[in-house]
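Subject: Handover of a structure

Dear colleague,

Please find below the structure that I am handing over to you.

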Amino acid sequence: MHSTNSSDIRIEVVKNKKEGGKVAYRLIKEALEEDAEVFGLATGSTPETLYKELRESDLDFSDKIAVNLDEYIGLASDHPQSYHSFMQEHLFDSKPFKATYIPDGTAKEEVEVERYDKILEEHPIDVQILGIGTNAHIGFNEPGTPFGTKTHKVKLTEDTIQANKRNFDSEDEVPGHAYSMGIASIMAAKKIILMAYGENKAEAIDKAVNGPVTEDVPASILQNHPDVVIVVDEEAASRL
């Protein structure tokens, strides 16, 4: 493992996902020791090795708060493919938090957007976990999303639907929309830990770290954040 710095972004290059999970775990542990209270959490395959490390650890989150990035619209919280279900299985069942917040995929748009923005206002995030899409999306904030966006309803791109269909019985079952924290909501976190693994993420990571800051590359806004750590395997770091 080795570290490099680019602007305010610290890059940790690891051998594989498993080692990446250990590095991210260490960063979470340090944040807990510094009294972090609110953790912004992500779903998908990227953070799974981190959540495994957390499940198997003796860290205590019983007085902490979790706020999730996003949720599919149209899926009830008990749907097996909902992000509620994912978080229960991968983390919350083993590591209970004092309170957990995830967007409600069955709520009306204006009600849910207002509710979630209020949650984020009342519980400022200390550490935000992120993955990154092949098109450099963060959360479900696709290219072209204004940097000032807060919680919003997102129409998922064809690429994102294709990437997520492996979790469903058929492509037709993948929801076409989601609620997502906006880019401004993500940037409000005190610390951001972004993880990316595999060659298919190399271009997105390169553009996010070295390219111009542009709404065409949502993750490029991280160059303007004071405390970002990017954990990547050698494939994802291959263009840096």
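Predicted model: local features only at pLDDT ≥ 70, side-chain atom pairs only at ≥ 80, totals over all residues.

Residues are numbered from 1 along each chain as its sequence is written, and side-chain values use heavy atoms, with hydrogens and water left out.

The protein chain contains seven helices and eleven strands (DSSP runs of H or I with at least four residues, and of E with at least two, numbered from the N terminus). Of its 240 residues, 55% are buried (under 20% relative accessible area; exposed is over 50% and partly exposed lies in between, with a 1.4 Å probe and protein chains only). Along the principal axes, the C-alpha atoms fill a box of roughly 45 × 40 × 35 Å.

There are twelve salt bridges (a side-chain nitrogen of Lys or Arg within 4 Å of a carboxyl oxygen of Asp or Glu). One of them joins Glu12 and Arg10 at 3.1 Å, N to O; Glu12 is buried at 2% relative accessibility, whereas Arg10 is partly exposed at 29%.

In helix H1 (residues 17-33), Glu33 and Lys29 are four residues apart, about one helical turn, and their side chains meet at 3.6 Å, N to O. Helix H4 (residues 109-122) holds Lys118 and Glu122, also four residues apart, and the closest N and O atoms of this salt bridge are 2.8 Å apart.

Yours sincerely
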